[in-house]
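Please read the report below beside the sequence and the model.

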Amino acid sequence: MLRDFVLALGCLTVARRGIENSLLQGNSVLVVTGGQAEMLCSKFSDTEMHFVTHHSGFVRVAMTHRVPLVPILSFSENNLLSNVCFPRMQRYTMSKVGFPFPTVPYGKFYLPLPNKLPITVVVGRPILPEPGMDCPENPEHVQRYQQRYFKSLEVLFFKYRAKAGYPKMTLVLHHRNEIHRVSAAAEETKEPTGEQEKEEKTKDLE
């Protein structure tokens, strides 16, 4: 019943067919790219934000349907609700059945009521594949597009973390079994515009 209720609100099942059907109808699709793996990494924190960066299915779908990827970042979203922490059991059940168990979200008064916190949502510029690198069947093209997407998220994070009220927050990237903490030096990087990308590509060719 809960699934039917959520679907009635306009949500989609996390399946390629459902996402592609929505795109074919001219809709924009919001995808939580980290999935349940990112849910296990994330926790209530004012000092860390976690990204799972190895998923690439959403990149292939975007390339197939010629739609841009739009990076979106939400500060303090993970602090609305917490989850019980049994990491070994949750990782095991996710690997076996595709869903972490137990999953018991809780917030205010230890009930499934979200904590009353402000959320800052940052929307970046749409990102399209580079000319000549738009084949969803080519692993190098997919990887390049994926890297540009997550780099854009990284830039948005450091550009707006102070304005969101988290000037000391660290970005933690999870890529399969590797964990990388991004230094504050990335804050100086500017999000490239389409014209800047063309100029950089021209310089590389020269």
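## Helix α4 and its surroundings

Helix α4 is followed by R66, a residue whose phi is positive, near 55 degrees. Helices (H or I, at least four residues) and strands (E, at least two) are DSSP runs, numbered from the N terminus. Most residues other than glycine have a negative phi, and most peptide bonds are trans. The model is a predicted one, in which local features need a pLDDT of at least 70 and side-chain atom pairs count only at pLDDT 80 or more, while totals for chains, interfaces and linings use all residues. Residues are numbered from 1 along each chain as its sequence is written, and side-chain values use heavy atoms, with hydrogens and water left out.

Within α4, which spans residues 57-65, the buried residues are F58, V59, V61, A62 and M63; buried means under 20% relative accessible area, exposed means over 50%, and partly exposed lies in between (1.4 Å probe, protein chains only). The cover over these buried residues includes α2 (16-24) and α6 (139-160).

## The chain as a whole

The protein chain holds 7 helices and 7 strands, and their order along the sequence is α-α-α-β-α-β-β-α-β-β-α-β-β-α. Of its 206 residues, 32% are buried. The chain exposes about 14000 Å², of which carbon and sulfur atoms supply 57%; accessible areas come from the Shrake-Rupley method with a 1.4 Å probe, and for residues only the protein chains shown count as cover.

Confidence is expressed as pLDDT, the predictor's confidence in each residue, from 0 to 100. The chain averages a pLDDT of 86, and 88% of the residues score at least 70. Among the elements, strand β5 (residues 120-123) has the highest mean pLDDT, 97, whereas helix α7 (residues 194-205) has the lowest, 43. Over residues 197-206 the pLDDT stays under 50, and the model has 3 contacts beyond four places in sequence for this stretch. Where pLDDT is low, the predicted coordinates should not be read in detail.

## The sheet and the helix upon it

An open sheet is formed by 3 strands in the order β1-β6-β7, with mixed pairing. Its edge strands are β1 (48-52) and β7 (178-182), each of which pairs on one side only. From one strand to the next, the twist averages 25 degrees. Two strands pair if DSSP finds at least two bridges between them, and strand β6 (residues 170-175) pairs with β7 in the antiparallel sense over 5 bridges. One of the residues involved is V172, whose bridge partner in β7 is R181. Helix α6 packs on the sheet, touching β1, β6 and β7, and the direction of α6 makes about 165 degrees with that of β6. Axes are lines fitted to C-alpha atoms, for helices over the stretch in contact, and angles run from 0 to 180 degrees between N-to-C directions.

## Backbone details in the loops

S76 has a phi near 75 degrees, a positive value in a residue other than glycine, and S76 is placed in the loop between β2 (72-75) and β3 (82-83). S76 is buried, with a relative accessible area of 6%. R176 also is not a glycine and has a positive phi of about 55 degrees; R176 is found in the loop between β6 and β7 and counts as exposed, at 60% relative accessibility. In the loop between α5 (87-97) and β4 (105-106) lies P102, and the peptide bond from F101 to P102 is cis, with omega near 0 degrees.

## Aromatic pairs

A search of the whole structure finds 7 aromatic pairs, and two of them are set out below.

| Pair | Centre to centre | Angle between planes | Arrangement |
|---|---|---|---|
| F75 and F157 | 5.8 Å | 25 degrees | stacked |
| Y149 and F150 | 5.1 Å | 80 degrees | edge-to-face |

Rings of Phe, Tyr and Trp (its six-membered ring) pair if their centres lie within 6.5 Å; planes under 30 degrees apart count as stacked, over 60 as edge-to-face and the rest as tilted. F75 lies in strand β2 and F157 in helix α6, 82 residues apart, and their pair links distant parts of the chain. Both F75 and F157 are buried, and both Y149 and F150 are buried. One aromatic cluster is formed by F75, F157, F158 and Y166.

Conventions: Contact = heavy atoms within 4.5 Å.
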